[in-house]
Amino acid sequence: AAISACEKGAQWQLALGLLEQMLEASVLPNAITYNATISACEKGAQLQHALFLLSQMPGANLSPDVVTYNAAISACEKEGNSCRGVWQQALHLLARMHNSAVIPDVVTYNAAISTCEKCAQWRRALDLLSHMPKAGVLPNVIAWGANISSCGKSAQCQLALNLLRHMSQ
């Protein structure tokens, strides 16, 4: 509960400290604890901490779930201003989900698409948008908007207009 409160307040340092105290006291955190801590790191734009926590889960006999991956991919999105390897990391996490039989949802795709948009990867964003229906996930206004923005930022104005037309159908 305390870590969840830290998550909501974007107090990533405190969340990490509480998790560390749990481990030192031999209190085994569960997936919800890890998810809340990863989410706190995401809200604090701490991608490397989020990825480290994700990597620690299997060693703690915990399986990352869609919430875990959504938080980690969202951390990539928040880190999107530097873009050095960030969009690749988001796509890698999405691939790991498929390999782990974790089913991505609209939040997953939105975060990955938004990461690609922020990193000027309009083709990748479009690939993700086109893959969503095949994966049984309907694109929402966030997915469409991020793709339109990505195309606009990359001087793909005609493509952006086509997406806008397609979105309104």
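**Close-up views of a predicted helical model**

**Figure 1. The loop residue Ala101 in the predicted model.** Ala101 sits in the loop that runs between H6 and H7. The model shown here and in the other views is predicted. Ala101 is not a glycine, yet its phi is positive, at about 60°. Most residues other than glycine have a negative phi. With a relative accessible area of 68%, Ala101 is exposed, because the cut-off for that class is over 50%.

Figure 2. Ala45 belongs to the loop between H3 and H4. Its phi is near 55°, a positive value in a residue other than glycine. Ala45 is partly exposed, at a relative accessible area of 31%. Ser26 follows H2 and has a positive phi near 60°.

**Figure 3. Helix H2 and its buried face.** Helix H2 covers residues 12-24, and its 13 residues should span 18 Å at 1.5 Å a residue. The end C-alpha atoms of H2 are 18 Å apart, in agreement with that expectation. Trp12, Ala15, Leu16 and Leu19 are the buried residues of H2. Viewed down the axis of H2, these buried residues fall within an arc of 100°, so they line one face of the helix. An α-helix has 3.6 residues a turn, so residues three or four places apart point the same way.

**Figure 4. Helix H4 and the helices that cover it.** The buried residues of H4 are Leu47, Ala50, Leu51, Leu53 and Leu54. They fall within an arc of 160° when seen down the axis of H4, so they too line one face of their helix. H2, H3, H5 and H6 are among the elements covering the buried residues of H4.

**Figure 5. The disulfide between Cys83 and Cys119.** One disulfide is found in a search of the whole structure. The disulfide joins Cys83 to Cys119, with an S to S distance of 2.3 Å. The torsion about this S-S bond is about -95°, so the disulfide is left-handed. Cys83 lies in the loop between H5 and helix H6 (86-99), and Cys119 in the loop between helix H7 (106-118) and helix H8 (122-134), so the pair ties together parts that are 36 residues apart in sequence. Cys119 is buried, with a relative accessible area of 9%.

Figure 6. Glu42 is located in helix H3, residues 31-43. At 7% relative accessibility Glu42 counts as buried, because the cut-off is under 20%. Leaving aside residues up to four places away in sequence, Glu42 touches Ala71, Ser74, Ala75 and Lys78. The side chain of Glu42 meets that of Lys78 in a salt bridge, at 2.5 Å from N to O. Glu42 lies in helix H3 and Lys78 in helix H5, so this pair ties together parts that are 36 residues apart in sequence. A salt bridge also pairs Glu42 with Lys43, at 3.6 Å from N to O.

**Figure 7. The salt bridge between Glu77 and Lys118.** The whole structure holds four salt bridges, one of which links Glu77 and Lys118, with the closest N and O atoms 3.7 Å apart. Glu77 lies in helix H5 and Lys118 in helix H7, so the pair ties together parts that are 41 residues apart in sequence. Glu77 counts as buried at 17% relative accessibility, whereas Lys118 counts as partly exposed at 38%.

**Figure 8. Ile113 in the largest nonpolar core.** The largest nonpolar core has 52 residues, of which Leu93 and Ile113 touch the most other members. Apart from residues up to four places away in sequence, Ile113 touches Ala125, Leu128, Leu129, Met132, Ala143, Ala146 and Asn147.

**Figure 9. Ser150 in helix H9.** Ser150 is part of helix H9, residues 141-153. Ser150 is buried, with a relative accessible area of 1%. Its contacts, not counting residues up to four places away in sequence, are Glu117, Gln121, Trp122 and Ala125.

**Figure 10. The loop residue Gly59.** Gly59 is placed in the loop between helix H4 (47-56) and helix H5 (66-78). Gly59 counts as exposed, at 70% relative accessibility. The C-alpha atoms of Gly59 and Arg84 are separated by 28 Å, and the two residues are 25 residues apart along the chain.

Conventions. Residues are numbered from 1 along each chain as its sequence is written. This is a predicted model: local features need pLDDT of at least 70, side-chain atom pairs count only at pLDDT 80 or more; totals for chains, interfaces and linings use all residues. Side-chain values use heavy atoms; hydrogens and water are left out. Helices (H or I, at least four residues) and strands (E, at least two) are DSSP runs, numbered from the N terminus. Buried means under 20% relative accessible area, exposed over 50%, partly exposed in between (1.4 Å probe, protein chains only). Contact means heavy atoms within 4.5 Å. The expected span of a helix is 1.5 Å times one less than its number of residues. The arc is that of the directions from the helix axis to the C-beta atoms. A disulfide is a pair of cysteine sulfur atoms within 2.5 Å. A nonpolar core is a set of buried Ala, Val, Leu, Ile, Met, Phe, Trp, Tyr and Cys residues joined through side-chain atoms within 4.5 Å.
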